[in-house]
Amino acid sequence: MDVTPEAASVAQSPRAASISLEGIQKRYPNGTEAVRDLSLEVRAGELVVLIGPSGCGKSTVLRMINRLIEPTAGRITLGDEDVTDVDPVRLRRRIGYVIQNVGLFPHQTVRANVATVPGLLRWPKSQTRARVDELLDLVGLDPTEFGGRYPHELSGGQRQRVGVARALAADPVVLLMDEPFSAVDPIVRARLQEEFLRLQAEVRKTIVLVTHDLDEAVRLGDRIAVLSEGGHLEQYDTPAALLGAPATPFVREFVGADRGIRRLAVTPLDREALDPVPEDAAADLPTVEVDGSAYDALAVLLTSGRDRLLVTDAGRPVGALSRQRLLDLGRPTS
Ligand SMILES: Nc1ncnc2c1ncn2[C@@H]1O[C@H](COP(=O)(O)OP(=O)(O)OP(=O)(O)O)[C@@H](O)[C@H]1O
């Protein structure tokens, strides 16, 4: 039987649903047209980032997906189900929601916070307890050490992890995240992002994440939707395509003059593009592992002051890369 890549990804993640927005509009009662006419498809198991300037309608879009806000026109479907046909409270139990500063219940322990939705769904106590422990482990918090603490007894990063665990508790088909990592300092943020990518590789949820931070979008997104005022979709593409070929002047300006550097971070070291291992000088060249990015290779070159490096696979040389070749990788195509 032939299986399309999309069907295969659904098969591997039966608990993730695709999302489809068709001609969505939101006009607030005061007349503000926050979103004029937006159509967007998110595949099951995909992590899509919404990015754009302040006020362009990102949060409005996110909150229409779980019906915290009702669209004034258009259709939103999860899998093959129209969300307007579903009771909003039931809908929200199938959609995890993580917001900036997390919104944990301050007078409840970490365990009780994570158990919120299983509690509403009246899961048996033993099942809830097992699920809560499993999730705390999954987000890197030891349940024995942290389960009984209150939110004010945690660091910002730990609170953020509890927020993610809580959102995943009832195995939602979709996870919506609004600036989830913006309340922590840059170092914690980078670590949370890395952990989050590992977590996503394991749980493979359909995720829509809103951020202001282009580096975060490039690091996390399978695809990035760049929005301008009124929720207008300027470009919807992979990070490499977005940085390599901005589709409109707005996107070009938004991704900035340093997009070449950013692009290196999402450019893999293509084995086909490597020069042969030089027989004479290989021993004293600096090295980078082949599963790193072109950015990693550039960092090695800059630190070493050399103009060529050796690319290795588990320590064994597989090719060489010159500085010029490396810089060409970051050159935008338009
Ligand atoms: N309840 C509301 N009533 C009226 N206008 C609103 C309401 N909520 C948001 N808006 C307006 O809708 C537009 C989009 O707001 P939204 O919060 O979706 O933008 P955003 O892109 O998420 O912004 P930010 O990045 O600053 O969080 C803005 O002009 C905002 O002022």
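Modeller: A quick rule to start with: Ala, Val, Leu, Ile, Met, Phe, Trp, Tyr, Cys and Pro count as nonpolar, Asp, Glu, Lys and Arg as charged, and the others, Gly among them, as polar. By that rule, the shell around the ligand divides into three nonpolar residues, nine polar and one charged.

Colleague: What puts a residue in the shell around the ligand, and how many are there?

Modeller: Its C-beta atom, placed from the backbone, has to lie within 6 Å of the molecule. Here 13 residues surround the ligand, with Y28, A34, S54, S59 and T60 the closest. Helix α2, residues 58–65, supplies the largest share of the shell, three residues.

Keep in mind that this is a predicted model: local features need pLDDT of at least 70 and side-chain atom pairs 80 or more, while totals for chains, interfaces and linings use all residues. Numbering starts from 1 along each chain as its sequence is written.

Colleague: How do you know that β4 and β5 pair?

Modeller: Strands are DSSP E runs of at least two residues and helices H or I runs of at least four, numbered from the N terminus; a pair needs at least two DSSP bridges. β4 (residues 73–78) and β5 have two bridges, in the antiparallel sense, so they count as a pair. One of the partners is D82 in β5, bridged to T77. These strands form a hairpin with two residues between them, and G79 in the turn has a positive phi of about 60°.

On the β1 side, five bridges join β1 (residues 19–27) to β4, also antiparallel, and Q25 has A73 as its bridge partner in β4.

Colleague: Why are β2 and β5 at the edges of that sheet?

Modeller: The order is β2-β1-β4-β5 in an open, antiparallel sheet of four strands. β2 (33–42) and β5 (81–82) each have a single partner strand, so one side of each is left without a neighbour in the sheet.

Colleague: What makes the other sheet mixed, and which strands run parallel in it?

Modeller: That open sheet has six strands, ordered β6-β7-β8-β3-β9-β10, with mixed pairing. β6 (95–99) and β10 (232–237) are its edge strands, pairing on one side only. Among its pairs, β3 (residues 47–51) and β9 (residues 223–228) run parallel over four bridges, and V49 has I224 as its bridge partner in β9.

Colleague: Which residues of α8 and α9 meet?

Modeller: Contact needs C-beta atoms, placed from the backbone, within 7 Å. G156, G157, Q160 and L168 in α8 meet V188, L192 and V203 in α9. That contact divides into four nonpolar, three polar and no charged residues.

Conventions: Contact = placed C-beta atoms within 7 Å.
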